[in-house]
Amino acid sequence: MIRKLSYYLSGLLFFLLTALPVPAQIYKYIGTQEGLSSRRVLAINKDSRGYMWILTHQGMDRFDGKNFTPYELRKDNKAISFFPDMNRITNSSNHDLWVYGKDGYVFQYNELQDTFKLDFDFYAQFPHLKQSPITATYFDSSDRLWFCCGNRIVRFYTDTQRFETVYEKVANEITSITEGDSSIFYFSTISDIYQVQFYPDKPSLVKRIYQNPKLRFSYLYYHPQTKQLLINTVQNSLFVYQVDKGTVLNLGNSLKDVGINVIKPYPSPGKQEVLIATDADGVYTLDMQTYQMKHLLKEDYESPNKMNGSTIKDLYVDEKRQIWNVTYPTGITIYSELYPAYTQLRHSPNRPNSLVDNRVNAILEDSDGDIWFATSNGISCYNLERNLWTNYITSYSQDTPNDNRIFISLCETDPGIIMVGGYMSGIYRINKRNHQVTFTPQMAESPRMIPDKYIRSLYKDKDGMFWMGGAYSLRKYNAGTGLSEIYNAPYPITNICTRDEKRMWIGTTQGLYVFDKESKQLTSYVDDSRIGGINTIYQTPDGRYTYLGTYSEGLFVIDNRTNQIENYNTQNSGLTSNNIYSIVPNRYGDIFMGTTSCLSQLYVKKKEIINWTKEQGFLSNSFTQDAAIRTRSGKLILGSNEGAFILPDSLNLPDKFTSQMVFSNLTINYQSVHPGEKGSPLTRLINETQELTLDYDQNSFSMQVSSINYDNPSNIHYSWKLEGFFDTWSQPSANGTIRYTNLSPGTYTLKVRAILMDTHQVFQERELEITVLPPFWLSYWAFTLYILLTVGAVYLYTRYQMIRKDRRISQEKINFFVHTAHDIRTRLPSSRHRWPKFKRANN
């Protein structure tokens, strides 16, 4: 009776867990494998542009969702190392990024020069305090940094770079500081809490609001919405000081002997909650109105896809309410509710009550609702009601003389009777009721027949016939008559599925075949070399469509009414891999595909494919052939080389996300340039530049295009063209390096597109006007001068010729008159001599 009652309660619990909506929660992990410079992360924050900044032991990392850019923080030309519980990252009111801490250093990020500058060194300004540790720091709303050294307070003004020492009537060493309302600050010492009202023109008002010598106060946080001060102690519980009432509340045994690293607001509709990051106890939520505290995040030592640490040094809540946890010393763990929760079943070496092997090759739900897994080291049966695993034919068991324990197919022929096929030349029969295992070798029934092996598909049709597909043949067994039939197969069979009442789909390593039950003929479906090897076959319940998952050719969809075939591949759809290993539908009729790179969803009506990758928190990228089922209880179970994954069949992957295209890292002649540098064409960041003017010797340049995207950055590709040089768009590529060399002088328009590869749609486009100036000797003024010089030369030459001509004409005239005068002169004497003779003759 007790056992039945326990079964009933466990079944009711399972029903509630599967039927009632459960908040979706997944985890994404960022470590050195993803590009983080060090696993020892100390602080995190986001800047005004959307970049995530991560402080590690080695320096700062800037993260855009895909790429990391490391920065060293240097003092006296030497890189500084950072240590836990010392430093913070913050943004000032004018959006400057600051790094400060108990080591006394204050660094500011210079965005134009893309580097960090040391703006203030506490111990350099106060060398007599080098032996006194800084016990508390704080960055207030007026962009002032507070340093508490003992009971001495120093304020550094980040806007003017000046500092001042403030002495207040605070006894003992200050352990924490926080800002309240209206220039009120709260300070904690070992045993006292002070409220200090600062005035610009008169002494400050100091008031002790709480004292307890038995406690040691370690952390303060002011919640402005409820006007309450949270007070943490070293060994005792958490306290709340109600400012309006002046009363202190003890929150009981909460966070007893647990250190708090940081508290951040975590508002939600109708609630005023905060997140509390602790040392060694994960993250808590605290409702500041009801004081209800919940343990939100804590390390899960059994599940590989859950929280992977409990020491949270810092955290950041983004606009989608995703929590970026600084999990020391592991890296960054992102808690997200954007994607549905899933369960990963894995083999536990020291736990017999677990999956026998992580390489899951086939999955079956039997008539009792138990789940069977064929693995590379035996068979596992999982009883959901009792959370009980039963393993068969493993390397640890003695239930078979056969040395081969790699299994790749499952089928239930009768209630409680499970048939198992594998690499061996035969099949196993498991009786679930009495746990009896028997092996049936496949002997040749004639000299021409050979025993079959590599039994990849076991199938029971609606007529009760049992079918088996192996490397050499297709076999049918009639349990009623005890007779079997063998049909030769041209290629190894990978899958068997009903097409209609008279025909069956037969998938092989070299294409799709149809078996006619009446004529007993196996014929090729289409002479289409594109289809290739078949990994899995799924046919819709109404028989209208058949989906084929292939090896290296993508997804094929056959319309059984029109015989039209549609192909989805990496070139024409959002598929990230052409290897489709498993297909399973959700409750809405959309198709999920296990590939070699991720889990992909085909929205059937929209004909769009969305991917769930490791970037988005799904751990597996190595699904196995035809290992996927949809259970009667509303679960999708997919097998992989990393265990089995269980998801709700209501799963729909999100297709909305935010992204911002960014231009960066301009190089000219292979040298990086920054605004304000000598010879730099930039007066502001390249991302803010609308027109870029280059000198004639700067006509070889490159720049980087990327996207600030924390949802699916690897799914974004880029294409560009330079109008005026080459007007054709480049092929979309994940590589965002744009490079052009030896551009001729002129004006160009660089157009860049960001393309979502899921849908091959352009979701963002930017332009940049680029002008390459000609050299002086090819400039407008040079050509104007050339024209003027030419015109002047022509004019001078023409004038010279005209003067020369005039001179020649003048000379000719002179010569004429000279010759004429000479002639006249030479003729006159002879006339005088003849005249007297003429006169005498007349006389």
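Visitor: Which residue forms a salt bridge with Glu688?

Guide: Side chains of opposite charge can pair when their charged atoms come close. Here the partner is Arg49, and the closest N and O atoms are 2.3 Å apart. Arg49 sits in the loop between S2 and S3, and Glu688 in the loop between strand S60 (671-672) and strand S61 (691-694), so the pair ties together parts that are 639 residues apart in sequence.

Visitor: How many salt bridges are there in the whole structure?

Guide: The search finds 39. One of them is between Arg74 and Glu72, at 2.2 Å from N to O. Arg74 is partly exposed at 34%, and Glu72 is partly exposed at 46%. Another joins Arg544 and Asp559 at 2.8 Å, N to O. Arg544 lies in the loop between strand S48 (534-539) and strand S49 (545-550), while Asp559 belongs to strand S50 (residues 555-559). Asp559 has a relative accessibility of 11%, so it counts as buried. Salt bridges can also form a network, and Asp366, Asp368, Asp370, Lys432 and Arg433 are linked that way.

Visitor: Now the inside. Which residues have the most contacts in the largest nonpolar core?

Guide: That core has 33 residues, and the ones with the most contacts inside it are Ile54, Met60, Phe116, Trp324 and Ile332. Strands giving it two or more residues include S2 (41-46), S3 (52-56), S29 (323-327) and S30 (331-336). Not counting residues up to four places away in sequence, Ile332 touches Ile54 and Trp324, among others. There is also a second, separate core of 27 residues, which includes Val262, Ile263, Ile276 and Tyr335.

Visitor: What about the backbone: where is there a cis peptide bond?

Guide: Most residues other than glycine have a negative phi, and most peptide bonds are trans. In this model, a cis bond joins Tyr328 and Pro329, with omega about 0°. Pro329 is in the loop between S29 and S30. As for phi, Asp257 has a positive value near 60°, in the loop between strand S23 (247-250) and strand S24 (260-265). Tyr454 has a positive phi too, about 55°, and lies in the loop between strand S39 (436-441) and strand S40 (457-460).

Visitor: And which residues form a nonpolar patch on the surface?

Guide: Among them are Tyr696, Trp777, Trp781 and Phe783, and the patch has about 1,200 Å² of accessible area together. Phe783 lies in helix H3 (residues 780-842), and is partly exposed at 41%.

Visitor: Last one: over which residues does pLDDT stay under 50?

Guide: Where pLDDT is low, the predicted coordinates should not be read in detail. That applies to residues 1-24, where pLDDT stays under 50 and the model has 15 contacts beyond four places in sequence. The protein averages a pLDDT of 88, and 93% of the residues score at least 70.

How values were computed: Residues numbered from 1 in each chain as written. Predicted model: local features only at pLDDT ≥ 70, side-chain atom pairs only at ≥ 80, totals over all residues. Heavy atoms only, no water. Patch = residues over 30% accessible without salt bridge, like charges linked within 9 Å, V, L, I, M, F, W, Y side chains within 5 Å. Areas by Shrake-Rupley, 256 points an atom, 1.4 Å probe, with all protein chains shown as cover. Salt bridge = Lys/Arg side-chain N within 4 Å of Asp/Glu carboxyl O. Helix = DSSP H or I, 4+ residues; strand = E, 2+ residues; numbered from the N terminus. Buried < 20%, exposed > 50% of the residue type's maximum accessible area, 1.4 Å probe, protein only. pLDDT = per-residue confidence, 0-100. Contact = heavy atoms within 4.5 Å. Core = buried A, V, L, I, M, F, W, Y, C linked by side-chain atoms within 4.5 Å.
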